[in-house]
Amino acid sequence: MYDFRLDEVTEWIAGKGARTIALQMPEGLKSHGQELAKEIERRTSGRCVLIADPCYGACDVDRRFSDYADVLVQFGHADIPSMQAGPDVLFVEVFMDMDISELLPRALPLLKGTVGVLTTVQHVKMLPSVVKWLEANHHRALVGKGDSRIVFEGQVLGCNISAVEPLKGLADSFLYIGSGDFHPLSVAIETSLPVVVVDPLMQEVRELGELRERILRQRHGAIVRASQAERFVVLVSTKAGQNRMEMAWSLRHLLEEHNRSADIVALEEFHPDRLLPFDADAYVSTACPRIAIDDYLRYPKPLLTPVEVEIVLGLRSWDDYRLDSIAGD
């Protein structure tokens, strides 16, 4: 099912003359880690260290790897070109070519007009066949290219759906190939168009209209709860690809201009227990946009995105709501 591209990996390691190799991968691939390490050691003169800490994406390169390894190989994510992770980091896209021939006909009645096609890096090689199938079934299909955080046409990240931008005004609905709902949910909220998910792993087809409405109600509730907040804590991630310190300072300045106090707190792993020492009526996350959406119930105080702060302060209307994103250069 998975193509780990070990020929390319071991050739790169040999070219680096690396003796110690750090291997990093998301939770879904960690169970393959020991087998991968043994095979890499068999093919090279190196030795491998498996990183057990969570890995949320290419934005989450272990910045301490050089303390104990010569190079780092991150499996499962495409490079974020604008992040410039460095010459000793290799990103290995783990492609999955899965049979969705029985799922696509179930998606067809939910799609309208011209269809924008999107996916994550794991399934980008499936896009040409999906486009061909849609066109054979009387739907014009479009695939857009995102900004400098994006490598492949049609690829979206949890923090970046810029591949949608060139399709605005052209697409009447979107078809997303992949698992989970956060990526396509961002598209549904951004465009207000029907978004249909074809999930190869769960073998499901679902439309996100109901989920979109539920999340919007939750976010509106968080904004209302924070509207009377006087003391804010602005949270900054120390992860290289999520760090938006400049934005954090701008938000602090903005809050203070509107007679709210604000402090900046930096941390690597976000967890509500780590915020207990800090007095706050509301939090603002400048890190991964998923944190405020996926984890909001874990926090005793409202956890806002930068966009939502603007709404709290009356600088943006609710009609202009969108999920937070991290744009490329």
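## The open sheet

In what order do the 5 strands of the open sheet run? In this predicted model, the order is β6-β5-β7-β8-β9, and the pairing is mixed. The edges belong to β6 (141-142) and β9 (204-207); each has a single partner strand, so one side of each has no neighbour in the sheet.

## Helix α7

Next up is α7, residues 209-226. Do the sums at 1.5 Å a residue and its 18 residues should span 26 Å; the end C-alpha atoms are 26 Å apart, so the two agree.

Which residues of α7 are buried? They are Leu 211, Arg 212, Ile 215, Leu 216, Arg 219, Ala 222, Ile 223 and Ala 226. Looking down the helix axis, these buried residues fall within an arc of 130°, so they line one face of α7. The face turned away from that buried side carries Glu 210, Arg 217 and Arg 225, which are exposed.

As for what covers the buried residues of α7, the list includes the helices α6 (182-191), α9 (290-294) and α10 (306-312). Strands β10 (231-237), β12 (282-285) and β13 (303-304) are also part of that cover.

## A buried proline

Pro 194 sits in the loop between α6 and β8 (195-199). Is this proline buried or exposed? Its relative accessibility is 17%, and the cut-off for buried is under 20%, so Pro 194 counts as buried.

Leaving aside residues up to four places away in sequence, Pro 194 touches Leu 110, Lys 112, Asp 172, Ser 173, Phe 174 and Glu 207. One of these, Glu 207, is 13 residues from Pro 194 along the chain, and their C-alpha atoms are separated by 7.2 Å.

## The chain as a whole

Zooming out, the protein chain has 10 helices and 13 strands. Its C-alpha atoms fill a box of roughly 60 × 55 × 30 Å along the principal axes. For 329 residues, a compact globule would have a radius of gyration near 20 Å; this chain has 21 Å, which agrees.

Of the 329 residues, 54% count as buried. Among contacts with a separation of 6 or more, 67% come from residues 24 or more positions apart.

Key. Residues are numbered from 1 along each chain as its sequence is written. This is a predicted model: local features need pLDDT of at least 70, side-chain atom pairs count only at pLDDT 80 or more; totals for chains, interfaces and linings use all residues. Side-chain values use heavy atoms; hydrogens and water are left out. Helices (H or I, at least four residues) and strands (E, at least two) are DSSP runs, numbered from the N terminus. The expected span of a helix is 1.5 Å times one less than its number of residues. Buried means under 20% relative accessible area, exposed over 50%, partly exposed in between (1.4 Å probe, protein chains only). The arc is that of the directions from the helix axis to the C-beta atoms. Contact means heavy atoms within 4.5 Å. Two strands pair if DSSP finds at least two bridges between them. The radius of gyration is taken over C-alpha atoms; the globule rule is 2.2 Å times the number of residues to the power 0.38.
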